[in-house]
Amino acid sequence: MTKELVRYEQEGKEIIHVVPEFAISLQEAKRRIEMLQQFVKELMVEGEDYGRIEGIPKPTLLKPGAEKLCDVYGFAKYVEVTNRIEDWDGGFFHYEVKVTLKNKRTGHIEAEGIGSCNSREKKYINQDPYSIVNTLLKMAKKRALIDAVLSATRSSGIFTQDVEDLPGVEEENGQKVIKKMVSRKQKNYIYKLKEDLGISGEEFNALLSKAGFKSVDHLPSDRASNLIRYLENMLNEKYNANSNDEAAAEDAEDVPPPWEENKGDN
């Protein structure tokens, strides 16, 4: 927006205020929005440039789509790693990246985007951290690029980003869907079972980590139910062992661990 000087009198004195005004007309703004919408509709490919997740109204902008928008708007990309943690002894890696988009014609900065990624994220926590270092850096760059493109093109009303990283987003039959998250009742019961079993916080976190989650709050409702069944079975086995009830032990349900029960879903 440009700024306009506005003069008026107050108690006999002339007051001057600087008031912002539109840099372009409403007609021009409408034309640009319509051009962007038409470009998305006619030239961007679903599943390649953007993706849809059931339960999310706006599609997710993907890296090829962000690069396509950079080309059509005439943006040059400049990438800078602003922060990195590479703990080769502890196996923890973190990268923060800034992407700057400059107008090729004017050289002006149109927008900047920030993205980060680390080896303790849900999708990477069960992988060998030493073999995914380059993947983590690329993911941080991708997130920063998409952040910058959404800002520079004013397309956040059309697209969103990183929805696939939100708790509850999982893949089913080749499509990503948002699942109902763990309820308060389920969480309270899980913690009660943990106490009854005498499981330490470290052991419990290790159990969640094997199932691919950082905390109980990140569990979808169905995964929480699986965990409850698994903990209940552990508790039954504990009681049966203490009572030396061999018959009950033989009849006890063989419940697979949560990380094995859901292998087919990932």
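**Exercise 1.** Work out whether Asp 147 is buried, partly exposed or exposed, and find what it touches.

*Solution.* Start with the surface: Asp 147 has a relative accessible area of 24%. The cut-offs are under 20% for buried and over 50% for exposed, with partly exposed in between (1.4 Å probe, protein chains only). So Asp 147 counts as partly exposed.

Before going on, a word on the model: it is predicted, local features need pLDDT of at least 70, side-chain atom pairs count only at pLDDT 80 or more, and totals for chains, interfaces and linings use all residues. Residues are numbered from 1 along each chain as its sequence is written, and side-chain values use heavy atoms, with hydrogens and water left out.

Now the neighbours. Leaving out residues up to four places away in sequence, Asp 147 touches Glu 112, Gly 113, Ile 114 and Gln 161; contact means heavy atoms within 4.5 Å. Take Gln 161: 14 residues separate it from Asp 147 in sequence, and the C-alpha to C-alpha distance is 7.5 Å.

**Exercise 2.** How much of the protein is buried, and how many residues does it have?

*Solution.* The protein has 266 residues, and 36% of them count as buried.

**Exercise 3.** What share of the contacts with a separation of 6 or more joins residues 24 or more positions apart?

*Solution.* Count contacts in the protein with a separation of 6 or more; residues 24 or more positions apart account for 55% of them.
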